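The following paragraphs give a guided reading of one protein chain.

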Amino acid sequence: MSQTGQSYTFAGQLLTCPICKQSSFEQESTLLHHEEDAQTPTDTYLCTICGYMLWFSPAEVDAPGQAYLLLNRPLQCAMCAHTLFHSSEILLNTRTAIFMQFNWATHHALNYICAHCGFIKWFFTEEVARPGKTYHVAHRQLTCQSCTRIAFRERETLLSSKSPTFPEADWTDQSTKNYICTTCGSIHWFVS
Ligand SMILES: [Zn+2]
Ligand SMILES: [Zn+2]
Ligand SMILES: [Zn+2]
């Protein structure tokens, strides 16, 4: 990543990348599709230093949420530390040529959306307990942002502006890498 980014203030704080600790982002807008034709408008912030993608759903902010457990501990927002979320299932569907590699086809990702700031945590539990590998991003060992473990499975996702899954994305066929924690299933998105 070498584009020029800018700094953003989010929930009263300077938005900082949890992976590389820098504050330089590009903002995009995306629609996520649910099974029942429902849609969630999202704002994504791409870290211009390490490529990490932060997903937010502004529409979910301040709606009453629910507490969830992850590995027997309360699920906590990585951005604002609040612990109430909305959960929803997102279609990972090869029919749309979006989640095109491997076998995303028959599966759903689980999203937990922070009820306070709208930050979205992605999970794909299919990869839990499979053998994983360690990775380095921006010269740091990649650590799970949900459970701090270091083993991941790697997948690729194509975000296409022409697709029915991401119809209003500003990007054109942006290839992303997904690192999925083999302990908790948390998906980490990176634009390569
Ligand atoms: Zn970063
Ligand atoms: Zn939050
Ligand atoms: Zn994890």
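Two strands are said to pair if DSSP finds at least two bridges between them. In this predicted model, strand S14 (residues 174-181) and strand S15 (residues 186-191) pair in the antiparallel sense, with 5 bridges. Within that pairing, Lys 177 stands opposite Phe 190 in S15. The two strands form a hairpin with 4 residues between them, and Gly 185, located in the turn, has a positive phi of about 90°.

The chain as a whole contains 15 strands and 0 helices. Of its 192 residues, 35% count as buried. Among contacts between residues at least 6 apart in sequence, 56% join residues at least 24 apart.

The confidence of the prediction should be considered next. The mean pLDDT of the chain is 81, and 77% of its residues reach 70 or more. Among the elements, strand S3 (residues 25-33) has the lowest mean pLDDT, 78, whereas strand S12 (residues 140-141) has the highest, 94. Over residues 94-103 the pLDDT is below 50, and this stretch has 25 contacts in the model beyond near neighbours in sequence. Residues 161-170 also have pLDDT below 50, with 27 contacts beyond near neighbours in sequence. Where pLDDT is low, the predicted coordinates should not be read in detail.

The largest nonpolar core has 25 residues, of which Cys 47, Tyr 52, Met 53, Cys 114 and Phe 119 touch the most other members. Strand S4 (39-47), strand S5 (53-56), strand S9 (107-114) and S15 each supply at least two residues of this core. S5 gives the most, with 4 residues. Apart from residues up to four places away in sequence, Cys 114 touches Cys 77, Met 79, Cys 80, His 82, Phe 85 and Phe 119. A second, separate core comprises 10 residues, including Phe 123, Phe 124, Cys 181 and Cys 184.

Leu 70 lies in strand S6 (residues 69-70). Leu 70 and Cys 147 are 77 residues apart in sequence, yet their C-alpha atoms are 8.2 Å apart in space. Is Leu 70 exposed or partly exposed? Leu 70 is partly exposed because 17 other C-beta atoms lie within 10 Å.

Ala 151, in the loop between S12 and strand S13 (152-159), likewise counts as partly exposed, because it has 18 C-beta neighbours inside 10 Å. Its contacts, leaving aside neighbours within four places in sequence, are with Gly 132, Lys 133, Thr 134, Thr 182 and Thr 183. Ala 151 and Gly 132 are 19 residues apart in sequence and 4.8 Å apart from C-alpha to C-alpha.

Two further loop positions concern the backbone. Most residues other than glycine have a negative phi. Ala 81, although not a glycine, has a positive phi of about 70°. Ala 81 is found in the loop between strand S7 (73-74) and strand S8 (85-92), and it counts as exposed because it has 10 C-beta neighbours inside 10 Å. His 139, also not a glycine, has a positive phi of about 65°. The place of His 139 is the loop between strand S11 (136-137) and S12. With 7 other C-beta atoms within 10 Å, His 139 is exposed.

Note on methods:
Residues numbered from 1 in each chain as written. Chains lettered and ligands numbered in written order. Predicted model: local features only at pLDDT ≥ 70, side-chain atom pairs only at ≥ 80, totals over all residues. Core = buried A, V, L, I, M, F, W, Y, C linked by C-beta atoms within 7 Å. Buried ≥ 20, exposed ≤ 12 C-beta atoms within 10 Å, placed from the backbone. Contact = placed C-beta atoms within 7 Å. pLDDT = per-residue confidence, 0-100.
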